[in-house]
Amino acid sequence: MQSDKPVVPCQAGPGPLVAQHCLKQYGPLIGLGALICLVFNQAVHFDFLMWDDNIHIIYNYHLQPPFWHWPKILWIFGFDTSLRFEPVTWLGHLLICSLFAMNPGAYHFCLIALHFINSVLVYKLCVRVLN
């Protein structure tokens, strides 16, 4: 007689089949996370670069306190001096700057976390498309 309970994948239960299923489902993501940490972990100790960080972050008036007021929000959703429309980038910079000030390690950590999230999304997309 079968149980009417739905089977939840990776829920703790008896038998090696559950562990094998969990490893098959989440093993590549754990490996991907470990690889990203291995490659990028040293970046949290780096300083800002003077290629474009000085223009976009360090000396940018819009990323200086006070952080969240209307002129800055309006500037974010307008075009900057290079005529690029990138509100998500500027919102990210403003959020990181308001949380961690001008700490380059925090900037790098947040960007590594975003790379990890994007890698997971691309992996999930590839699994869905290729299966």
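## Overall organisation

Among contacts in the protein chain (heavy atoms within 4.5 Å) between residues at least 6 apart in sequence, 54% join residues at least 24 apart. This is a predicted model, in which local features need pLDDT of at least 70 and side-chain atom pairs count only at pLDDT 80 or more, whereas totals for chains, interfaces and linings use all residues. Residues are numbered from 1 along each chain as its sequence is written, and side-chain values use heavy atoms, with hydrogens and water left out.

The protein chain holds 5 helices and 0 strands, and from the N terminus on its elements run α-α-α-α-α. Helices (H or I, at least four residues) and strands (E, at least two) are DSSP runs, numbered from the N terminus. Of the 131 residues in the protein chain, 25% are buried, where buried means under 20% relative accessible area, exposed means over 50%, and partly exposed lies in between, with a 1.4 Å probe and protein chains only.

Helix α4 covers residues 87-100, and its 14 residues should span 20 Å at 1.5 Å a residue, which agrees with the 20 Å between its end C-alpha atoms; the expected span is 1.5 Å times one less than the number of residues. The buried residues in α4 are Pro87, Trp90, His93, Leu94, Ile96 and Cys97, and what covers them includes α2 (53-58), α3 (70-76) and α5 (104-130). An α-helix has 3.6 residues a turn, so residues three or four places apart point the same way.

Histidine 93, found in helix α4, counts as buried because its relative accessibility is 15%. Leaving aside residues up to four places away in sequence, histidine 93 touches Ile57, Leu63 and Tyr107.

Phenylalanine 77 touches Phe85, Pro87 and Leu91, when residues up to four places away in sequence are not counted. Its C-alpha is 5.4 Å from that of proline 87, although phenylalanine 77 and proline 87 are 10 residues apart in sequence.

After α4 comes alanine 101, which lies in the loop between α4 and α5. Phi of alanine 101 is near 60°, a positive value in a residue other than glycine, and this alanine is partly exposed, with a relative accessible area of 44%.

## Aromatic pairs and a charge over a ring

A pair of aromatic rings is described by the distance of the centres and the angle of the planes. The structure holds 2 aromatic pairs; rings of Phe, Tyr and Trp (its six-membered ring) pair if their centres lie within 6.5 Å, and planes under 30 degrees apart count as stacked, over 60 as edge-to-face and the rest as tilted. Phenylalanine 48 and tyrosine 107 form an edge-to-face pair, at 5.3 Å centre to centre and with 75° between the planes. This pair links distant parts of the chain, with phenylalanine 48 in the loop between α1 (16-40) and α2 and tyrosine 107 in helix α5, 59 residues apart. Both phenylalanine 48 and tyrosine 107 are buried.

Tryptophan 75 and tryptophan 90 form a tilted pair, at 4.8 Å centre to centre and with 55° between the planes. Tryptophan 75 belongs to helix α3 and tryptophan 90 to helix α4, so the pair ties together parts that are 15 residues apart in sequence. Tryptophan 75 and tryptophan 90 are both buried.

Lysine 72 lies over the face of tyrosine 61, at 5.6 Å from the ring centre; a charge sits over a ring if NZ of Lys or CZ of Arg is within 6 Å of the ring centre and within 35 degrees of the ring normal.

## A cis peptide bond

Proline 65 and proline 66 are joined by a cis peptide bond, with omega about -5°. Proline 66 has its place in the loop between α2 and α3.

## The largest pocket

About 210 Å³ of space lies in the largest pocket, and its lining consists of His21, Lys24, Gln25, Tyr123, Lys124, Val127, Arg128 and Asn131. At least two residues of this lining come from each of α1 and α5, and the largest share, 4 residues, comes from α5. A pocket is an open set of points on a 1 Å grid over the protein atoms alone where a 1.4 Å probe fits, with protein on both sides within 12 Å along at least five of seven lines, and lining residues have an atom within 4 Å of a point.

How values were computed
Grid points are joined across faces, edges and corners, and a volume is the space filled by probe spheres set on the points.
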